[in-house]
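Hello,

Here is the structure I promised to pass on to you. Please have a look at it first; my notes on what turned up follow below.

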Amino acid sequence: MQKMKIDNYEEMLELILDHSHEGVVLCDHQGKIRYFNRIYGETFGLSASKDIGKHITEIFPDARIPIVARTGTPEFGVIYRWKGQKLVVNRIPVKEKGRVIGVLTQVLFRDIAELRELSEKVNALQTKINIIGAELRQYFQAKYDLDDIIGDSQPILELKSQVRKHAHSSLPVLILGESGTGKELFAHALHRLSPRAKRAFMVINCAAIPKELMESELFGYEPGAFTGAAQKGRIGKLELVEGGTLFFDEIGDMPLEMQAKILRVIEEKEVTKVGASKPVPVHFALIAATNREIEALVQKESFRSDLYYRINAIVLKIPPLRDRKEDIPPIAQHFAACSECNPSQRPIRFADEVFSVLREHDWPGNVRELKNIVNFALHNLASDESLIRIDHLPLSFLKKRQESPFSPSPLPLKKVIRNKEKEILQEALRATSGNKIAAAKLLGISRSVFYEKLQR
Ligand SMILES: Nc1ncnc2c1ncn2[C@@H]1O[C@H](COP(=O)(O)OP(=O)(O)OP(=O)(O)O)[C@@H](O)[C@H]1O
Ligand SMILES: [Mg+2]
């Protein structure tokens, strides 16, 4: 745009009117044409030199402009038929001190049917979007609250108070801790306490998504952006999150090229779909977690230092279970009561000696391992039993107990062998993803023997 046109008010006005997609004509109170814009002139075949000053009825014999000038009553959204087309017209009286001095007419050069069809389409799409949006939000919800995190040890109480303190900010949070310490649980709770709680909580597992798919998963793609791309394209998670929380789980495993792209998104707050030319703005809060030694990764240059400094504004470090053994009994009791491990919801108690055995363990798999152990013990309980004893625990725990000088009574050999056998069967089933025939083969026993042992 030339500088002059902007500075000159009159020329600027004309510029605006001539770029409008709507026809505009101004008549005086007698109905004489004083002005029309470019699209009006082009559509009706008028020229300024020839037609300005003519009475509007010389061009449109049935024009209603003189009537509006006389009555001073505007007409909005009126349909005007012209050469078989239906045009939508607004006729607005222009008044000065209560007297009509002219009539401004706007013409929408769109067939009314087309417009109605368009508006119906838009309405239908809007309804669809609302429904899908609601379903989507349902799908991408955070599932756990701070109350779902069990444990009264000092570090857990301290972490919970940090979560309460920081949930209201939109600063990035980095959650560190060994595998199974509850990082994901804390991420859920952070989102639930944040002002974004009603919005999406979107998990991106950086270790699970293949490198080649990560970009389209995060950024989305335009229709036909690459061979194999879905015909309609795809919206990426970064765009889909719409003001919610993005949880980059296992961020230490994010490929380097992806780290560079994510860094750009965080800094510029916009994403460009694969195959698209223009970026769109995105809004989200970021939580990241990893069980890797991230500082060592930065040293080794397998994690970008600039991204690391971007995501670690607030760091929550969850200590391993062996460093907070006082949490073991309440967490074990929690799992024994939860519907996932105890679907029949029968009341379960633990013998005191069980807790002392559990406390002796090192818990390399942390809370996840404890959950598995409790599950194992529950499966070992007979249907009429409600007390978990040491002999319900996996053999590795029993062995420790037997080696211990404080062991009160060693178990009968038969029971020990049974327990070990059971463990081996379960291990084989796990290794073969539950395929019993393959598990029998793995153990070098016949199918029937395997079934017999399994039955027992
Ligand atoms: N304090 C806790 N109270 C109750 N359940 C817990 C607690 N900590 C962890 N869990 C449970 O233990 C399991 C492992 O937790 P989670 O998935 O959050 O671990 P993680 O730190 O993300 O592990 P990974 O690094 O392997 O992904 C889950 O089933 C979770 O619900
Ligand atoms: Mg996790």
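**Salt bridges, a sheet and a patch**

Arg389 and Glu385 join their side chains in a salt bridge, with 3.3 Å from N to O; by salt bridge I mean a side-chain nitrogen of Lys or Arg within 4 Å of a carboxyl oxygen of Asp or Glu. Arg389 is partly exposed at 28% relative accessibility, and Glu385 is partly exposed too, at 22%. For these words, buried is under 20% relative accessible area, exposed is over 50%, and partly exposed is in between (1.4 Å probe, protein chains only).

Before going on, a word on the basis: this is a predicted model, where local features need pLDDT of at least 70 and side-chain atom pairs count only at pLDDT 80 or more, while totals for chains, interfaces and linings use all residues. Residues are numbered from 1 along each chain as its sequence is written, chains are lettered from A and ligands numbered from 1 in the order in which they are written, and side-chain values use heavy atoms, leaving out hydrogens and water.

The count of salt bridges comes to 21. One of them links Glu75 and Arg64 at 2.3 Å, N to O. Glu75 sits in strand β3 (residues 75–82) and Arg64 in the loop between α5 (56–59) and α6 (65–71), so this pair ties together parts 11 residues apart in sequence. Helices (H or I, at least four residues) and strands (E, at least two) are DSSP runs, numbered from the N terminus. Glu75 is buried at 13% relative accessibility, whereas Arg64 is partly exposed at 34%.

Within helix α19 (residues 413–431), Arg430 and Glu427 are 3 residues apart, about one turn of the helix, and their side chains form a salt bridge of 3.2 Å, N to O. Arg430 is exposed, with a relative accessible area of 56%, and Glu427 is partly exposed at 45%. Elsewhere, salt bridges with shared partners join Lys50, Asp51 and Lys54 into one network.

Now the sheet. Five strands make an open sheet in the order β7-β10-β13-β6-β14, with parallel pairing; strands count as paired if DSSP finds at least two bridges between them. At the edges are β7 (201–205) and β14 (314–317), each pairing on one side only. Strand β6 (residues 173–176) pairs with β14 in the parallel sense over 4 bridges, and Leu176 stands opposite Lys317 in β14.

Finally, Tyr9 belongs to helix α2 (residues 9–19) and is exposed, at 60% relative accessible area.

Best wishes
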